Amino acid sequence: MRTTQHIAHHLHQVYFGGNWTASNLKDHLNGVTIEIATRKVNDLNTILALTFHIHYYLKGTMDVLKGGDLTIRDTFSFDHPNIRNEAEWQDFQTNMWTEAIEFISRIEKLNDTILETYLAEEKYGTYFRNLVGIIEHTHYHLGQIAIIKKIIVSS
């Protein structure tokens with residue numbers, strides 16, 4: 001298996017399941033209503049904010065894989081849309097799953113030689129660093145989502 005296929009596989013697992021940690025975004029968001037997703041716990045981010053933040057980097061990096069520019073900026077990574085009801089929350093998630101599958105498919109098709117080239121600009125590091133970083137970043141914030149959900153559901 002090529003390295004790009006391994007990366008795609010690991011990204012698929014953190015979004016949809018089957019990884020070593022037995023923790024994935026889709027399962028943790030299952031049953032999370034808009035009320036739960038937007039509820040504040042102390043000074044923590046909401047589940048909606050964290051979900052948007054996780055996916056913001058995937059979506060922005062996918063623009064580069066499509067031949068576009070890297071236009072995302074850290075300063076905007078928590079600026080989630082104003083989701084007002086359950087239907088909008090479900091649409092948001094459906095779109096996120098669709099985009100994740102497309103991104104994973106694009107990674108699978110990459111040649112391994114691209115992994116050591118710079119993504120957009122040298123200051124952003126290599127494709128490898130960014131693609132693996134998206135997986136690590138997702139796991140990190142997924143842990144926060146799991147804890148916040150547990151606090152809300154048990155209260």
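Helices (H or I, at least four residues) and strands (E, at least two) are DSSP runs, numbered from the N terminus.

The structure is a predicted model, in which local features need pLDDT of at least 70 and side-chain atom pairs count only at pLDDT 80 or more, while totals for chains, interfaces and linings use all residues. Residues are numbered from 1 along each chain as its sequence is written, and side-chain values use heavy atoms, with hydrogens and water left out.

The buried residues of H1 are Thr-4, Ile-7, Ala-8, Leu-11, Gln-13, Val-14 and Tyr-15. Buried means under 20% relative accessible area, exposed over 50%, and partly exposed in between (1.4 Å probe, protein chains only). The cover over these residues of H1 includes H2, H4, H5 and H6. Contact is defined as heavy atoms within 4.5 Å. With neighbours within four places in sequence left aside, Leu-11 is in contact with Leu-58, Phe-103, Ile-104, Ile-107, Ile-134 and Ile-135. H1 is followed by Gly-17, which has a positive phi near 115°.

In soluble globular proteins, nonpolar side chains tend to be buried together. A nonpolar core is here a set of buried Ala, Val, Leu, Ile, Met, Phe, Trp, Tyr and Cys residues joined through side-chain atoms within 4.5 Å. The largest nonpolar core has 46 residues, of which Leu-11, Tyr-15, Leu-25, Leu-29, Trp-89, Phe-103 and Ile-107 touch the most other members. At least two residues of this core are supplied by each of H1 (3-16), H2 (25-29), H3 (34-38), H4 (47-65), H5 (86-109) and H6 (127-154). H4 provides the largest share of the core, 11 residues.

For H6, the 28 residues should span 40 Å at 1.5 Å a residue, which agrees with the 40 Å between its end C-alpha atoms. Its buried residues are Tyr-127, Asn-130, Leu-131, Ile-134, Ile-135, Thr-138, His-141, Leu-142, Ile-145, Ile-148, Lys-149 and Ile-152. H1, H2, H3, H4 and H5 are included in what covers them. Asn-130, in helix H6, counts as buried because its relative accessibility is 18%. Residues up to four places away in sequence not being counted, Asn-130 touches Leu-119, Tyr-124 and Gly-125.

Pockets were located on a 1 Å grid over the protein atoms alone: a pocket is an open set of points where a 1.4 Å probe fits, with protein on both sides within 12 Å along at least five of seven lines, and lining residues have an atom within 4 Å of a point. Grid points are joined across faces, edges and corners, and a volume is the space filled by probe spheres set on the points. The largest pocket has a volume of about 350 Å³. Among its 13 lining residues, Tyr-57, Ile-72, Asp-74, Tyr-124 and Asn-130 are the closest to its centre. H4 and H6 are the elements that give two or more residues to this lining, and the largest share, 5 residues, comes from H6. The lining divides into 6 nonpolar, 4 polar and 3 charged residues, where Ala, Val, Leu, Ile, Met, Phe, Trp, Tyr, Cys and Pro count as nonpolar, Asp, Glu, Lys and Arg as charged, and the others, Gly among them, as polar.

The second largest pocket has a volume of about 160 Å³. Its lining residues include Phe-52, His-55, Ile-72, Phe-92 and Glu-99. H4 and H5 each supply at least two residues of the lining, and H4 gives the most, with 6 residues. By class, the lining has 5 nonpolar, 3 polar and 3 charged residues.

Two alanines in loops were also examined. Ala-22 is in the loop between H1 and H2 and is exposed, with a relative accessible area of 69%. Although not a glycine, Ala-22 has a positive phi of about 55°. Ala-22 and Thr-138 are 116 residues apart in sequence and 14 Å apart in space, C-alpha to C-alpha. Ala-120 lies in the loop between H5 and H6 and counts as partly exposed, at 47% relative accessibility. Ala-120, also not a glycine, has a positive phi of about 70°.

Definitions and conventions
Expected span 1.5 Å × (residues − 1).
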